[in-house]
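Good morning, everyone. Today I would like to walk through the contacts in one structure. Please have a look at it first.

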Amino acid sequence: MESCTNVPRAQEWIIEKLLFLCALISVFTMFAILAMLLFGAISFFQEVSIIEFFTGTKWTPLFKPQHFGILPLLWGTLLVTIIALGVAVPLGLGSAILLSEYAPEQVRKIIKPVLEIMVGIPTVVYGYFALTFVTPILQVVFPETSVFNALSAGIVMGIMITPMVSSLSEDAMLAVPQSLREAAYGLGARKHEVALRVVLPSAFSGVVASIILAMSRAIGETMIVSIAAGSTPKLTLNPLEGIQTMTAYITQISLGEAPFGSLEYRTIFSVGLTLFLIVFAVNLIGHWMARRYWRQY
Amino acid sequence: MIPGRKVKEHALFIICSIATLLSIAGLIILLLDAFADGLPWLDFQFLNSLPSHYPDKAGIKAALIGSVWIVGLTALFSFPIGVAAALYLEEYAPRNWFTSFINVNIANLAGVPSIVYGLLGIGLFVESLTLGRSILAGALTMTLLILPIIIVASREAIRSVPKAYREGAYALGATRWQVTREIVLPSALPGILTGTILALSRAIGEAAPMITIAALAYINFVPTSPFDRFTVMPIQIYNWVSNPIREFHHLAAAGIIVLLGVLLSMNSIAIYIRYRYQKRVR
Amino acid sequence: MIGNVKIDVRDLNVWFGQNHVLKDITLKIKRNTVTAVMGPSGCGKTTFIRALNRMNELIEGSRTTGEIYIDGKNIYDKETDVYELRKKVGMVFQKPNPFPKSIFDNIAFAPRIHGITDPKTLQEIVERSLKEAALWNEVKDRLKDSALDLSGGQQQRLCIARALAIKPEILLLDEPCSALDPSATAKVETLIRKLAENYTVIIVTHNMQQAARVSDYAAFLYAGKLIEYGGTRQIFENPQNVLTEKYITGKFG
């Protein structure tokens with residue numbers, strides 16, 4: 001950083017524009033994503049009715065007769081997400097309460113980095129864990145469990161998003177003013193009463209925001225479901241059966257190298273657009289709730 | 001006092017502790033499982049062999065080199081662009097609707113599922129720009145994916161540079177770019193580097209967008225140019241884990257150990273930079 | 001005083017958003033003197049000296065009207081190059097703010113950005129500036145050390161040296177001693193007196209003893225208005241305005 005020369009004004013101007021262009025790449029990326037998805041989806045919908053797409057209950061683009069009803073994929077995504085939240089919400093909230101209300105500083109200093117490590121582990125590793133560890137256990141407990149099933153993928157995805165729920169919820173709980181806790185303790189409240197009746201309700205929208213954001217992560221997660229949940233789009237309530245999610249379907253087609261431009265290939269853009277819009281909407285709600293919460297304190 | 005309350009107080013503590021222990025146990029079992037399965041298969045032959053239809057001959061070399069290519073090029077593209085964007089947003093951008101529009105965009109991009117970036121990459125780089133299923137297309141896709149992370153981390157580092165430094169430099173007649181280059185950037189660099197390394201370690205672990213770009217090619221060669229086809233470690237692990245033959249699962253586990261090892265060393269570098277920086281600034 | 005005017009401020013007004021911080025300030029400052037700007041906190045002292053090198057422009061939402069002539073040229077003219085202006089009008093801040101670089105690089109920063117690259121010239125500038133700021137003897141053996149390792153008083157003298165390196169004509173000091181201990185303060189005050197031989201010095205202070213000790217002229221600001229301005233002795237011994245009198249006798253502020 002030693003080379004300083006007198007920078008002419010024109011150079012100043014050029015540099016500012018260059019930096020601006022780099023910042024503009026984010027806008028460009030967003031437009032490119034939308035354009036790609038819309039372009040692919042529109043050409044898809046020229047051949048497949050949009051009504052069939054959103055109401056059809058069969059998704060068999062790869063077999064004759066072809067059916068293009070996205071509901072089974074949507075349901076697969078929803079089922080796995082519900083299972084994941086079923087795991088992540090109690091575990092995440094439990095550890096958030098422990099960390100914010102019970103744990104002394106030294107314990108927090110150990111637990112928080114461990115939870116952060118979990119966020120950094122590649123999802124393909126979680127997928128491996130689901131298929132080779134959790135599924136065999138499930139098969140012992142419920143012998144009718146198939147090799148690929150929604151439950152195993154959902155549980156492991158829940159483990160994966162637990163740190164998100166706990167760290168965002170803990171932030172929200174820590175933001176609750178100490179004076180509120182003191183007021184409750186002053187009235188003779190015990191820790192659990194303070195935690196459950198004062199802190200949790202005060203931090204409610206912050207906690208909900210953390211759950212919603214974790215949910216959006218689960219909806220968009222790809223590898224765990226591709227590895228462990230199967231590739232059989234199905235409207236089933238039985239979590240021990242194989243299903244297929246939107247993300248896993250996109251992976252499956254990508255892997256198969258369906259020829260560019262074919263109808264089968266273009267399905268991934270209509271599915272991708274649906275996925276994008278859902279995640280976008282969920283994020284919007286999550287960020288809106290988070291903002292509302294943080295403005296309060 | 002009602003005796004039940006004391007019990008409840010302890011009960012909540014125990015329940016919360018169990019929840020925390022369970023989530024940590026999840027991590028530990030996950031790691032133990034992978035290590036127990038993979039360690040016996042992890043040897044020099046594994047690191048130095050190309051993929052094969054025979055489990056005991058297969059190795060991770062092509063994927064490891066592919067990952068190095070991808071991460072190297074991604075770093076080359078994303079670091080300057082990300083830092084420049086962050087500098088613009090922190091040091092230059094006027095407070096107007098367009099700047100907030102850019103900010104909203106970056107926040108939204110960070111939440112886009114990674115597989116959607118794969119679709120973007122296939123449409124934009126593989127097809128429209130006719131780069132094919134090449135390393136270059138993969139690295140460009142990965143660049144777009146981690147840019148929001150680098151920008152957010154860099155902005156945080158830039159924001160933590162004391163205002164007094166900037167004022168001191170401006171008062172000496174420095175131009176905005178001189179202040180930015182000579183004062184702000186050197187002070188923010190450790191934080192920027194830490195954030196970039198963490199973003200790159202995300203890029204190493206990402207499988208979904210790479211699968212859409214690279215597809216399920218049987219790559220039995222080591223790529224030597226950015227225009228070659230490629231595979232990366234997460235894809236190779238996915239391939240092995242999807243193989244019904246059990247031995248391949250052990251290869252997947254061995255691959256996971258290598259992948260985690262690479263991530264661990266990258267994170268250690270990031271932590272080391274942060275540590276040295278904290279020591280230097282009192 | 002007419003022939004010797006260095007700075008001529010006419011109807012200076014500054015707003016920050018809706019906040020009218022300086023109101024119709026008009027005054028002339030003489031070459032090679034020390035002028036103290038006094039007043040209770042929030043009266044606009046700092047804003048006033050930051051108007052002299054156009055540093056207020058860095059604050060979003062600020063607006064300035066009126067004229068400031070330095071050597072007969074209006075610095076708020078469109079043609080004025082703000083970077084050249086700041087080269088001519090050096091500034092030292094309330095809290096010492098050395099850059100996180102070596103002592104040498106701190107001093108050499110301004111000459112370098114203004115185009116001096118020759119190592120020998122830079123070496124000379126660093127030595128001259130540090131000597132002028134009465135810091136040379138303390139740091140000459142460790143010019144490569146980080147400036148952040150210096151004591152507070154040394155850091156502030158380093159900041160003065162840094163400003164002197166590009167030979168400004170005017171030196172603005174914004175409460176330069178407020179973060180220093182008494183002995184460091186004494187050193188800086190002696191230095192200020194000496195600097196007046198070559199520079200026009202304007203110092204913001206809320207310490208009245210300091211104003212009396214170091215300045216030739218004193219201006220008293222209150223709520224954004226210039227209440228009184230004159231020779232320091234006259235202001236302290238015979239204030240014309242009741243507000244000034246109240247302030248210097250410690251009745252408020």
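**Where the parts touch**

Let me start with chain B and chain C: across their interface there are 6 residue pairs in polar contact, both residues at pLDDT 80 or more. On the chain B side, two helices, H7 (163-171) and H8 (176-205), each bring at least two residues to chain C. Helix H7 of chain B gives the most to that side, with 7 residues. By class, the side of chain B that touches chain C has 9 nonpolar, 5 polar and 5 charged residues.

A word on the model. This is a predicted model. Please keep that in mind as we go.

Now, how many salt bridges cross between chain B and chain C? The count is 1. C:Arg50 and B:Glu167 form a salt bridge through their side chains, at 2.8 Å from N to O.

And the extent of this contact? Chain B puts in 19 residues, and chain C puts in 24 residues. Together they bury about 1900 Å². Carbon and sulfur atoms give 64% of that area.

Next, chain A and chain B. Here the contact takes 79 residues from chain A and 79 residues from chain B. The buried area is about 7100 Å², with 76% from carbon and sulfur atoms. Which residues of chain A lose the most area to chain B? They are A:Tyr128, A:Arg190 and A:Leu255, and together they make up 10% of what that side buries.

A:Arg190 comes up again. A:Arg190 forms a salt bridge with B:Glu9, and the closest N and O atoms are 2.4 Å apart. Between chain A and chain B, the count is 2 salt bridges. There are also 12 residue pairs in polar contact, both residues at pLDDT 80 or more. Helix H1 of chain A, residues 9-45, gives the most to the side that touches chain B, with 20 residues. That side of chain A has 52 nonpolar, 20 polar and 7 charged residues.

Last, let us look inside chain B. Chain B is divided into domain 1 (5-41) and domain 2 (44-281). Their C-alpha centres lie 31 Å apart. In the contact, 7 residues of domain 1 meet 11 residues of domain 2. The two domains bury about 720 Å² between them, and carbon and sulfur atoms give 84% of it. For polar contact, the count is 1 residue pair, both residues at pLDDT 80 or more. On the domain 1 side, the residues in contact are 5 nonpolar, 1 polar and 1 charged.

That is the tour. Thank you.

Terms used
Residues numbered from 1 in each chain as written. Chains lettered and ligands numbered in written order. Predicted model: local features only at pLDDT ≥ 70, side-chain atom pairs only at ≥ 80, totals over all residues. Heavy atoms only, no water. Contact = heavy atoms within 4.5 Å. Buried area = accessible area lost by both parts, 1.4 Å probe. Salt bridge = Lys/Arg side-chain N within 4 Å of Asp/Glu carboxyl O. Polar contact = N/O pair within 3.5 Å; in protein donor to acceptor, adjacent residues only side chain to side chain. Helix = DSSP H or I, 4+ residues; strand = E, 2+ residues; numbered from the N terminus. Nonpolar A, V, L, I, M, F, W, Y, C, P; charged D, E, K, R; others polar. Domains from an automatic or database assignment.
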